[in-house]
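Student: I would like to learn how to read a model like this one, feature by feature. Can we go through it together?

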Amino acid sequence: MTDSDDTAELTLLLAEYSQIKDEQRARIGFRDNLLYVTIGAVTAVTAVALQTSHPDLALAIPAVCIVLGWTYLVNDEKISAIGRYIRTELASRLSMLSGPAAAPAFGWETYHRSDSKRASRKITQAVIDLTAFVAIPFAALIVFWLYGTTNALLVSSSVLETLMLATLGGQFLWYSER
């Protein structure tokens with residue numbers, strides 16, 4: 001390879017890095033806003049259910065949380081995948097171009113993960129995620145089971161929502177970094 005080829009490849013790698021970091025930033029903003037949207041939706045449904053004395057409306061909370069929780073989880077996984085790609089693929093390709101004497105590429109991508117309190121932050125985040133997207137909607141199901149109607153369709157819906165919440169909770173645990 002010529003120096004011109006190396007320069008062209010370096011330019012392409014840095015452009016890819018810039019684009020993928022932009023995507024990661026956008027996904028982080030979207031993902032983080034999903035938590036606020038979930039809180040707002042749960043609050044709104046709860047307020048309507050209490051004001052109208054219709055406990056059956058509690059079944060809307062799991063449905064909303066399942067959709068928003070899945071969207072949150074998918075975005076969180078893509079954010080992590082982008083980070084892994086940068087740390088492994090892009091960094092190694094850039095290191096090959098730079099030579100063995102060069103400083104490691106994209107050091108921040110690895111450095112920020114080595115914080116001694118990272119594990120406790122990840123556990124806390126997992127607890128918050130599970131609370132917002134699984135525990136709160138499960139509490140809404142309990143309210144429905146205690147105070148809702150015995151309509152067979154609604155009871156069947158509540159069972160389906162329970163299974164979906166359990167699956168979502170399992171996915172949150174599966175994808176969480178341990």
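Student: Let me start with one residue. What does isoleucine 66 touch, not counting residues up to four places away in sequence?

Tutor: A contact means heavy atoms within 4.5 Å. By that rule, isoleucine 66 touches Glu161, Met164, Leu165 and Leu168. Before we go on, note that this is a predicted model: local features need pLDDT of at least 70, side-chain atom pairs count only at pLDDT 80 or more, and totals for chains, interfaces and linings use all residues. Residues are numbered from 1 along each chain as its sequence is written, and side-chain values use heavy atoms, with hydrogens and water left out.

Student: Which residues make up the largest nonpolar core?

Tutor: The general idea comes first. In soluble globular proteins, nonpolar side chains tend to be buried together. A nonpolar core is a set of buried Ala, Val, Leu, Ile, Met, Phe, Trp, Tyr and Cys residues joined through side-chain atoms within 4.5 Å. Buried means under 20% relative accessible area, exposed means over 50%, and partly exposed is in between (1.4 Å probe, protein chains only). Here the largest core has 11 residues: Val42, Val45, Ala58, Leu59, Ile61, Cys65, Ile66, Ala140, Leu141, Phe144 and Leu165. H1, H2 and H4 are the elements that give two or more residues to this core.

Student: Is alanine 140 buried or exposed?

Tutor: Alanine 140 counts as buried because its relative accessibility is 7%. Alanine 140 sits in helix H4. Its contacts, leaving out residues up to four places away in sequence, are Ala58, Ile61 and Pro62. Alanine 140 and leucine 59 are 81 residues apart in sequence, yet 6.8 Å apart in space, C-alpha to C-alpha.

Student: How many helices and strands are there?

Tutor: Helices (H or I, at least four residues) and strands (E, at least two) are DSSP runs, numbered from the N terminus. The protein has 5 helices and 0 strands. Along the sequence, the pattern reads α-α-α-α-α.

Student: How does the radius of gyration compare with that of a compact globule?

Tutor: The radius of gyration is taken over C-alpha atoms, and the globule rule is 2.2 Å times the number of residues to the power 0.38. For 178 residues, a compact globule would come out near 16 Å, but this protein has 22 Å. The C-alpha atoms fill a box of roughly 75 × 30 × 25 Å along the principal axes. Of the 178 residues, 28% count as buried. Among contacts with a separation of 6 or more, 76% join residues 24 or more positions apart.

Student: Now the pockets. What volume does the largest pocket have, and which residues lie nearest its centre?

Tutor: Work on a 1 Å grid over the protein atoms alone. A cavity is a set of points where a 1.4 Å probe fits but cannot get out; a pocket is an open set with protein on both sides within 12 Å along at least five of seven lines; lining residues have an atom within 4 Å of a point. Grid points are joined across faces, edges and corners, and a volume is the space filled by probe spheres set on the points. The largest pocket has a volume of about 870 Å³. Its lining has 31 residues, and Arg31, Asp76, Ser80, Arg118 and Lys122 lie nearest the centre.

Student: Which element gives the most to that lining?

Tutor: H2 does, with 9 residues. Helices H1 (3-52), H2 (60-98), H3 (107-111), H4 (118-147) and H5 (152-175) each supply at least two residues of the lining. Aspartate 76 is in helix H2. At 22% relative accessibility, aspartate 76 counts as partly exposed.

Student: What is the phi of serine 53?

Tutor: Most residues other than glycine have a negative phi. The phi of serine 53 is near 55°, a positive value in a residue other than glycine. Serine 53 lies in the loop between H1 and H2, and at 58% relative accessibility serine 53 counts as exposed.
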